[in-house]
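Here are my notes on the fold, as numbered points. Have the structure open while you read.

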Amino acid sequence: MEIIIKERENKGFAMATENHMKAGMMTYSVAGENHIIIDHTEVEPEFKDKGIGKQLLYKIVDMAREKNIKITPLCPYANAMFKKLADIQDVLKK
């Protein structure tokens, strides 16, 4: 599984691919110099129940830590994961 992050202007995404097939994507908006908003998570049907969404989230969390950015999770999936996972609370915008 390969996960890349791309950003253009005020939008960005993490995309997971496997064998040149898109497995899933998590999108975000840049809301300021030190703030992003995760707004959507999508996993392709054939990759359901393989932890793709969580891998995408952790990739964005790692990027946020590197850049000292806080995250607001508006996406229902990301929001649920932030409530469930204590190890990513450090990047949650309070």
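Which residue in β4 is the bridge partner of Y28? Keep that in mind for point 3; and remember throughout that this is a predicted model.

1. Start with the sheet. Five strands make an open sheet in the order β1-β2-β3-β4-β5, and the pairing is mixed. At the edges sit β1 (2-8) and β5 (70-73), each of which pairs on one side only. From one strand to the next, the twist averages 25°.

2. Now look at β2 (residues 11-18) and β3 (residues 21-32). These run antiparallel and are joined by eight bridges.

3. Next comes β3 with β4 (residues 35-43). Eight bridges link this antiparallel pair, and again we have a hairpin, with two residues between β3 and β4. Back to the opening question: Y28 has I38 in β4 as its bridge partner. Another pair to check is G32, whose bridge partner in β4 is H35.

4. Then the helices. Helix α1 (residues 52-67) lies across β1, β2, β3, β4 and β5, and runs at about 35° to β3. Helix α2 (residues 76-84) also packs on the sheet, where it touches β3, β4 and β5. The direction of α2 makes about 120° with that of β5.

5. One thing to bear in mind when you colour side chains: in a regular strand they alternate between the two faces of the sheet.

Definitions and conventions
Residues numbered from 1 in each chain as written. Predicted model: local features only at pLDDT ≥ 70, side-chain atom pairs only at ≥ 80, totals over all residues. Heavy atoms only, no water. Pairing = 2+ DSSP bridges. Helix = DSSP H or I, 4+ residues; strand = E, 2+ residues; numbered from the N terminus. Axes fitted to C-alpha atoms, helices over the stretch in contact; angles between N-to-C directions. Contact = heavy atoms within 4.5 Å.
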